[in-house]
Number of protein chains: 2
Amino acid sequence: MKLITRDTDYALRALCFISRSNAGKFSVTKLSKELGMPRPFLRKILQALNKQKILESTRGKVGGFILAKDPRKIFLTDIIRIFQGRLKLNECLLNKLICPDQRTCLLRKMLVKIERYVLKELDSITIASLLK
Amino acid sequence: MKLITRDTDYALRALCFISRSNAGKFSVTKLSKELGMPRPFLRKILQALNKQKILESTRGKVGGFILAKDPRKIFLTDIIRIFQGRLKLNECLLNKLICPDQRTCLLRKMLVKIERYVLKELDSITIASLLK
DNA sequence: ATTAAATGATACTATAATTGTATCAATTGT
DNA sequence: ACAATTGATACAATTATAGTATCATTTAAT
């Protein structure tokens, strides 16, 4: 039962690192050394962030990645969605419910309530807010 | 990112079913038919509940399982712990943190806050509370 | 006693998700 | 031309989840 998987974690740390050092551009090689993450894995992650317009890439020699957005506008929920798909805590219970009648299933109601809270909280977290 | 896995779900539904029908004892065969769950899997689940003193079993012909506890005293967190282990939403981030300094890592603080809320809510749910 | 139907214990298998690696093509500064 | 980069994508390894199978033991009924 984890909220955040490894790729989300790596993505967050890379984004924070890039944000902090306003140097601008970093290659995967540099970042993976700096952050101690497996290079090919980090590369796949940065490519995904690029596709989703969170990062912007330049190719060729001296290429690399820079932030494409204001860190105040990069939300934790964005990143989670990219690497973990749609945010849902209680998928398995929405079909096969304890109560035959979905409208009255108490467990579902309670889980939905919890989910709403979690999403609201996660949505209040941005890269900027993680930089202290 | 799911809060509740299949075995927890099955366990909850079986416990609710047994609680509702105050008939008392049910064999796995009966329950699996009644609830539409794979028999061997449900069996493993009921055996685990028995080991944890949530259910009580009688062996031999006409054997089966009955509740060992008041449904008001069977908590969702108990069941989750049995099938999904220790309740922790943010394991992966407790070691490899975004911030080098754990004491000041904001993400960790936020996730811990979320976790506390979720645990508190889950802990307010019992089998009895799911019976309407 | 024997048998049928149940659980206890436990090993095994299958599937899916997570966590990576590898490779070939295209781009670009020197 | 070359070296260092990213783009795209296929492949592999590991782990978690979901489920099956089997042999031993217990017990009620015949």
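Predicted model: local features only at pLDDT ≥ 70, side-chain atom pairs only at ≥ 80, totals over all residues.
Local features are reported at pLDDT of at least 70 and side-chain atom pairs only at pLDDT 80 or more, while totals for chains, interfaces and linings use all residues. Residues are numbered from 1 along each chain as its sequence is written, with chains lettered from A and ligands numbered from 1 in the order in which they are written.

Let's begin at DNA strand D. Two or more residues each come from helix 2 (28-35), helix 3 (39-51) and strand 2 (64-67) of chain A, and from helix 1 (6-20) and helix 3 (39-51) of chain B. Here helices (H or I, at least four residues) and strands (E, at least two) are DSSP runs, numbered from the N terminus. Helix 3 of chain A provides the largest share, four residues. By class, the surface near DNA strand D has six nonpolar, eleven polar and nine charged residues; Ala, Val, Leu, Ile, Met, Phe, Trp, Tyr, Cys and Pro count as nonpolar, Asp, Glu, Lys and Arg as charged, and the others, Gly among them, as polar.

Next comes a meeting of the two chains. The axes of helix 6 (residues 106-122) of chain A and helix 6 (residues 106-122) of chain B come within 10 Å and cross at roughly 170°. Axes are lines fitted to C-alpha atoms, for helices over the stretch in contact, and angles run from 0 to 180 degrees between N-to-C directions. These two helices are therefore roughly antiparallel to each other, a label for angles over 145 degrees. In contact (C-beta atoms, placed from the backbone, within 7 Å) are residues including A:Met110 and A:Ile114 of chain A and B:Tyr117 and B:Val118 of chain B. The contact residues divide into eight nonpolar, no polar and two charged.

Finally, look within chain B. Helix 1 and helix 2 of chain B pack at about 105°, their axes 11 Å apart, and are therefore roughly perpendicular, the label for 65 to 115 degrees. B:Arg13, B:Ala14 and B:Phe17 of helix 1 meet B:Leu31, B:Glu34 and B:Leu35 of helix 2.

Key: Parallel < 35°, antiparallel > 145°, perpendicular 65-115°, else oblique. Contact = placed C-beta atoms within 7 Å.
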